[in-house]
Amino acid sequence: MQRLLCSALMIVIALSAVADNGRLDSLYHCLDAAIARSSHFVKQREARIDSLRRMVAEAQTDGQRYGLEKQLFGEYKSYRNDSAMTCISRCIALAERIGDRDEIVTCQARQAFQCSTTGLYVESINILSSIDTVGVGAQAMGEYYLAWGHVLGELAYYGPLEWLTAKYEEEQARYASLALGCLDKERDEYLQHQEKFHYAAGDTKKALEINDRRLERVKEDSHEYAIVAFYRYMDYKQMGRMDDAKYWLARAALSDVRNAVMDQAAVWELANLLNQEGQLARSYSYINFAWESAVNFGTRMRNWQISPILQTIDKNYQEDTERTNMILMILMGTVCVMAVVMLVLLIYVGRQRDRLAAAHSELSGKSVQLSLLNDDLRRANASLDETNRQLQNTVGQLHEQTRVKEEYIGRFMRQCSLYIDRNDAFRKRVNKMLKGREYEELYKLTKSEELKTKELEEFYSGFDSAFLHLFPNFVDDFNRLLRPEERIVVSGKYKLNTALRIFALIRLGIEDSSTIAEFLHYSVNTIYNYRARVKNGASDNRESFEIRVKNIGMPE
């Protein structure tokens, strides 16, 4: 039972693996198609940006213009860095003109966040250090702490000195805790930092639960969806579930491409994984696309991050291409050699074909003669087969007749001996009665037919038993010659009725009705009527009925 359960489990695991591979391959094909249409998605994004820029130009108040500039920054921040920086600077100026302290701090924090995203760590720290947070609301402070946490996290990750890394990580954790205390718990930024906190603590199960909540809140194939999917990839990767991790990484990359995101990590991370798996062609395609996107985004930081991966993938791709070219050259050389060999073989085969044609012509005449001889031999064989078959049937019939005669001779001798003994006993009884002058009893004894009736019954029983031992299937075979409603049912295993006894004698070769009548002690008319009535119930031609009866029990 345990082996059966293990086998079933292995089958389920194998089927799941096949399904996962099919799911990933389908997603890769979608990503390939999206990259091929990336210019279309860029045009869509440019159209949104142009629409927002026209709306900014037509805005009547600073408040309207500020709201539109924030939307424009949202379009630019992952698309083109220099435009995003310009846009956020205009947002700060408009917030100052309006006099909204919370919005000023919020915009300055986002400006610092954008700087740290693009590797401008010093500039980010200077901006954050210059922000006056006195009297600022909780949401703005949450943005401020988020920006501090991000720049410190970047310094911890990319910093070369271990003692500084530990310090940065400690400060990052402190600012992350402060941000969680300020942010609205329903905002994605709050949930994102909660997920990052549990991920850093190694509690990936809890991080994944928070990611589930985030995933429900975002629109599929949006840029926000790509961010949540990337975090889901990191959760699954830490859990060691690489198939699920690759799936969500590919989903993140697909969403980034469809949203024309230029500041993307998913595509080049996926390219790195595929390179490690040996899928060099697709990996090379993805890393080139990621490089072009980083160039369009316009930061040296992204180029610096992608460059080592690009070099590794390019090197592997070139080596694979060289190996492929070498194999192609070897194959071409092999094909050329095979072509020469084939040409030589064709010439040789041509000459052999001419020789074979001459030999074939010579053999054709002999084949005709052989064919005629074969026909004569076939007819002779057929005639011989027919003669053999007839001889075998004759031999079979002779064997059967010999067996029946031997059996019946033996039974006849036993029966004759029995009758001699009985007659002698009857003689002695009669002699005794005569000596005793028992004339009346002797008269009664000889007058009664009871003795004859008993002898006939015994004779019929002996005949039935002897015949059915010789032909045990006679009754079943005989009934198969009759229609179902005419079939005969016997009262015992070794018992025949009058009709069956008549045809049993016919089977033994006694066909004359008068002889059968004498044998069974019936009148000739009775025997004739029995024969006619049974033949009228035949399932096939009644005229050949008795011939078929004679063949019962004969070898085929």
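The side chains of Arg97 and Asp62 come together in a salt bridge, 3.2 Å from N to O; a salt bridge here is a side-chain nitrogen of Lys or Arg within 4 Å of a carboxyl oxygen of Asp or Glu. Arg97 belongs to helix H4 (residues 81-98) and Asp62 to helix H3 (residues 62-76), so this contact ties together parts that are 35 residues apart in sequence. Helices (H or I, at least four residues) are DSSP runs, numbered from the N terminus. The model is a predicted one, in which local features need pLDDT of at least 70 and side-chain atom pairs count only at pLDDT 80 or more, while totals for chains, interfaces and linings use all residues. Residues are numbered from 1 along each chain as its sequence is written, and side-chain values use heavy atoms, with hydrogens and water left out.

Arg97 counts as exposed at 57% relative accessibility, whereas Asp62, at 25%, counts as partly exposed. For these terms, buried means under 20% relative accessible area, exposed over 50%, and partly exposed in between (1.4 Å probe, protein chains only).

Across the whole structure, the search finds 30 salt bridges. One of them joins Arg23 to Asp244, with the closest N and O atoms 3.2 Å apart. Because Arg23 lies in helix H1 (residues 2-36) and Asp244 in helix H12 (residues 242-258), the pair ties together parts that are 221 residues apart in sequence. Arg23 is partly exposed at 30% relative accessibility, and Asp244 is buried at 17%. Another salt bridge links Asp464 with Arg501 at 3.0 Å between the closest N and O atoms, and both residues are buried. Salt bridges with shared partners also join Arg110, Glu143, Arg187 and Glu189 into one network.

Turning to the rings, the search of the whole structure finds 16 aromatic pairs. Rings of Phe, Tyr and Trp (its six-membered ring) pair if their centres lie within 6.5 Å; planes under 30 degrees apart count as stacked, over 60 as edge-to-face and the rest as tilted. Phe463 and Phe519 make an edge-to-face pair, 5.8 Å centre to centre with 70° between the planes. Phe463 is in helix H17 (residues 450-470) and Phe519 in helix H20 (residues 513-520), so parts 56 residues apart in sequence are tied together by the pair. Phe463 is buried at 5% relative accessibility. Phe467 and Phe474 are also edge-to-face, at 4.8 Å and 85°, and both are buried.

How values were computed:
Helices (H or I, at least four residues) and strands (E, at least two) are DSSP runs, numbered from the N terminus.
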